Amino acid sequence: MKKITVCMVAALFALLGANLWGAQVENPRVQWMKGKYGVMVHWLFLGYDGGKTENIDKTANSFDLDAFMKCFDATGAEWLIFTIGQNTGAYASPNSVIDKYCGPGHTSKRDLVLEIAKAVHERGKKFIAYAPCEVRGNKSMRDGMAWNDDIQDNKAEFQKRYTDMLREWSVRYGKYCDGWWIDGAYGDIAPHMDWDLWHKALRAGNPNAVVTFNPGIITTNRIALLHPDHDYIAGEVVVLVDGKIRGGRNNTDPQAFMPQSGYYGGTKTLWHVLFPMDSFWGAYSNWSEWAFVPWKCEDVSKSRKIHPPVYSKKNFWKFLDGMSKVGAAVTVNMGVTPEGHLSQESIKMFKK
């Protein structure tokens with residue numbers, strides 16, 4: 001017995017030592033993301049109809065699924081991240097939990113998210129759903145979901161109601177939802193989050209779904225990983241410089257950088273970077289609203305058109321190639337019109 005115990009202790013220290021020195025344990029959930037790229041679109045009601053809930057069905061019904069999927073096919077992307085909703089109080093997928101707590105009129109009758117997820121799977125590709133982890137932008141959602149702005153409050157009732165909402169979507173999407181990108185895990189909620197509650201809700205329909213939470217824009221001195229059970233880092237990035245990441249909201253990092261391996265800091269969490277290539281996140285969002293950037297920014301909020309690509313082909317492909325070589329993952333955000341059209345000029349950037 002003593003001999004076995006010594007062997008067990010020795011093995012334990014070997015494992016600990018391996019982890020400290022950066023030995024890598026593969027995460028089976030993220031294998032389909034390694035060294036590849038996907039596309040994200042911020043299709044949101046805000047900016048299309050001013051967030052007015054009476055226009056939800058009209059806006060959702062105007063989305064041309066066939067045209068959108070043709071654009072997606074042309075990018076060659078391996079996955080799509082699509083927004084269920086953000087903080088406008090409008091969601092592109094029905095949900096009885098929202099109706100129960102917040103009243104009707106917040107969700108479209110058309111389940112646009114599930115339609116898109118199924119179309120993505122028909123092509124042998126993967127689908128990731130986007131949702132925020134807070135509701136501070138809409139009064140009826142705040143009230144119904146029991147949200148409050150007190151940074152010291154643990155928001156227990158909010159978390160219970162909100163994860164019930166996410167669970168309903170997760171179960172309905174089932175195998176068609178391969179992952180989640182959860183936004184807004186900032187300092188007023190992240191320290192209080194019941195991670196087990198959130199993870200169980202998000203994986204209720206698919207236990208193999210990859211999950212991440214976004215703590216904000218990547219910098220060299222900000223922790224990008226909030227919990228060890230997150231499969232990939234959210235990886236929000238503002239600017240690329242010469243094929244590398246320039247961190248910080250206003251390019252505050254002193255120098256550009258790149259990951260040196262596929263996994264973040266020796267963990268089982270995949271390195272992943274999400275960055276906008278034309279309009280700044282939303283279809284008609286201006287870059288100058290969020291960040292100081294080293295290029296001239298056209299005002300697209302008035303012209304109501306997708307901004308031209310802000311990166312040269314050399315910069316764009318140098319970054320994708322560098323990430324791919326270490327086995328990291330990349331998602332490229334593209335502006336999308338209310339009808340579901342992407343910029344043909346941006347699509348050409350993928351033609352190599």
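Two strands pair if DSSP finds at least two bridges between them. Helices (H or I, at least four residues) and strands (E, at least two) are themselves DSSP runs, numbered from the N terminus. With that in hand, strand 4 and strand 5 pair in the parallel sense over four bridges. From strand 4 the chain goes through helix 8 to reach strand 5, and this β-α-β crossover is right-handed (with the strands pointing away from the viewer, the path from the first strand over the helix to the second runs clockwise).

A word on the model: it is predicted, so local features need pLDDT of at least 70 and side-chain atom pairs count only at pLDDT 80 or more, while totals for chains, interfaces and linings use all residues. Residues are numbered from 1 along each chain as its sequence is written, and side-chain values use heavy atoms, with hydrogens and water left out.

Back to strand 5 (residues 210-213): Val 210 and Thr 212 point one way, Val 211 and Phe 213 the other, and all are buried. Buried here means under 20% relative accessible area, exposed means over 50%, and partly exposed is in between (1.4 Å probe, protein chains only). In a regular strand the side chains alternate between the two faces of the sheet.

Now for helix 7 (residues 156-173). Its 18 residues reach 26 Å from first C-alpha to last, close to the 26 Å expected at 1.5 Å a residue, where the expected span is 1.5 Å times one less than the number of residues. The buried residues of helix 7 include Phe 158, Tyr 162, Met 165, Leu 166, Trp 169 and Tyr 173. Among the elements covering the buried residues are helix 5 (112-122), strand 3 (126-132), strand 4 (179-183) and helix 8 (195-202).

| Residue | Relative accessible area | Class |
|---|---|---|
| Lys 70 | 63% | exposed |
| Cys 102 | 13% | buried |
| Cys 133 | 0% | buried |

Lys 70 sits in helix 3 (residues 65-75). Its C-alpha is 9.5 Å from that of Leu 342, 272 residues apart along the chain. As for cysteines, the structure holds zero disulfides, a disulfide being a pair of cysteine sulfur atoms within 2.5 Å.

Zooming out, the chain has 11 helices and nine strands, and 55% of its 352 residues are buried. Of the contacts (heavy atoms within 4.5 Å) with a separation of 6 or more, 72% are between residues 24 or more positions apart.
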